[in-house]
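Please open the model in a viewer and keep the selection panel at hand. The stops below may be followed in order.

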Amino acid sequence: MPAPQSGAGPTLTGVRPPPRLRLARLPTPFEPLDRLSALVGGPRIWVKRDDLSDCAVSGNKIRKLEFTIAQARQENADTLVTCGGLQSNHCRATALLGARLGLGVELVLRGEPSGTPDGNLFLDHLAGASVHCYPARRYQQEHEALLAAHSKRVQAQGRRPFVIPTGASDAIGVWGYVAACAELAEDFVQAGIDPRVVVCATGSGGTQAGLTAGLRLHGLRAEAWGMAVCDDAAWFRNKVHADLASWQQRYGVALDTAALAVNVLDDYIGAGYAQAGQDVFQTIGLVARTEGLVLDPVYTGKAFHGMLHEMRHGRFRDAKDIVFVHTGGLFGLFAQRGQALAGGALAVAGAEP
Ligand SMILES: Cc1ncc(COP(=O)(O)O)c(C=O)c1O
């Protein structure tokens, strides 16, 4: 594969530009979902197809990792150490990008695999990452210590680790969706729209942090709305503000991040992280049948379901256009195909709004 281009990231006045590798296939398409919009009524729904940001590395993580891995290379690291759930899209993207760039990858995963590795976990192995799995309780209690222990082990082998936090959601990762907002600004011009609402799934907060700051920095009037897939709204507001504050300080960005509204809805988490209810699977089926667009049960399915539910109940009634950022996650659907069938993804009756 040709060497990725590298160089400085987005130029914003007065900002120390971060290093960036060009890894994603950008710009991603921006498309209206007119059949679905007609079915639901209310604002016209548009989708930013970040699920097409690459083939197997697809999704939102590649946008953040363009900056994170550039930083790792600048610090002369040769091994990426990161963490997430067994079906983490972020870990899969890191594993594949590490292979593409000739970097070692160590994954610290939450959960105990049973049977043949499936979905993202299968791809982690295929990409040659070293996979270390821990029971959920131990992972939660010893998270930092486990990452530190694996970094130390890597160092003892004469390699140079670079630790990436969950979801690459930190000051560096914020750049991924700040930069994506330049693309959205161009998409809006091309489509002749001035949307006030941009919706995304929010899991570790980095996508929402980047969108929240990026929409302001690019002079757009839209507000980012995060649909929580795990923790509650208060947790996300704190996380997004903390990541934005450290991003602002690290890069000298002239933006009062504390004054930015962080809009989070936490009514669509269901039974917990990666556990989708029937309603979510039915929405996944509806969107696939109506638009040929595939969502996943962990992130985009929950978020899209929440967006449709809010639209039907009038939250965005003043919006003419509403934008959904499709952040990828396809492989997670395969890992839950049994639940999808049992949950009614194929059942038409009663699913339409
Ligand atoms: C497919 C997908 N969508 C959305 C998200 C949420 O993004 P973030 O972690 O930046 O909140 C993630 C990761 O957590 C993801 O894998």
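The tour goes from the domains to their interface, then to the ligand, and ends at a pair of helices.

Before selecting anything, note that residues are numbered from 1 along each chain as its sequence is written. The model is predicted: local features need pLDDT of at least 70, side-chain atom pairs count only at pLDDT 80 or more, and totals for chains, interfaces and linings use all residues.

**Domains**

Colour residues 5-59 + 170-342 as domain 1 and 61-167 as domain 2; these bounds come from an automatic or database domain assignment. The centres of the two domains, taken over C-alpha atoms, lie 23 Å apart.

**Interface**

Next, select the boundary, where 33 residues of domain 1 are in contact with 26 residues of domain 2. Contact requires that the C-beta atoms of two residues, placed from the backbone, lie within 7 Å. On the domain 1 side, β2 (19-22), α7 (174-191) and α12 (330-335) each supply at least two residues. Helices (H or I, at least four residues) and strands (E, at least two) are DSSP runs, numbered from the N terminus. Show α7 in particular: with five residues, α7 gives the most to this side. The domain 1 side comprises 17 nonpolar, 12 polar and four charged residues. In this classification Ala, Val, Leu, Ile, Met, Phe, Trp, Tyr, Cys and Pro count as nonpolar, Asp, Glu, Lys and Arg as charged, and the others, Gly among them, as polar.

**Ligand**

Centre the view on the ligand, which 19 residues surround (a residue is near a molecule if its C-beta atom, placed from the backbone, lies within 6 Å of it). The shell holds 17 polar and two nonpolar residues, and no charged ones.

**Helices α2 and α3**

Finally, display α2 (residues 61-74) together with α3: their axes come within 10 Å and cross at roughly 50°. Axes are lines fitted to C-alpha atoms, for helices over the stretch in contact, and angles run from 0 to 180 degrees between N-to-C directions. The angle therefore makes α2 oblique to α3; under 35 degrees counts as roughly parallel, over 145 as roughly antiparallel, 65 to 115 as roughly perpendicular and the rest as oblique. Show the side chains of K61, I62, L65 and I69 on α2, and of N89, H90, A93, T94, L97 and L101 on α3, which make the contact. By class, six of these residues are nonpolar, three polar and one charged.
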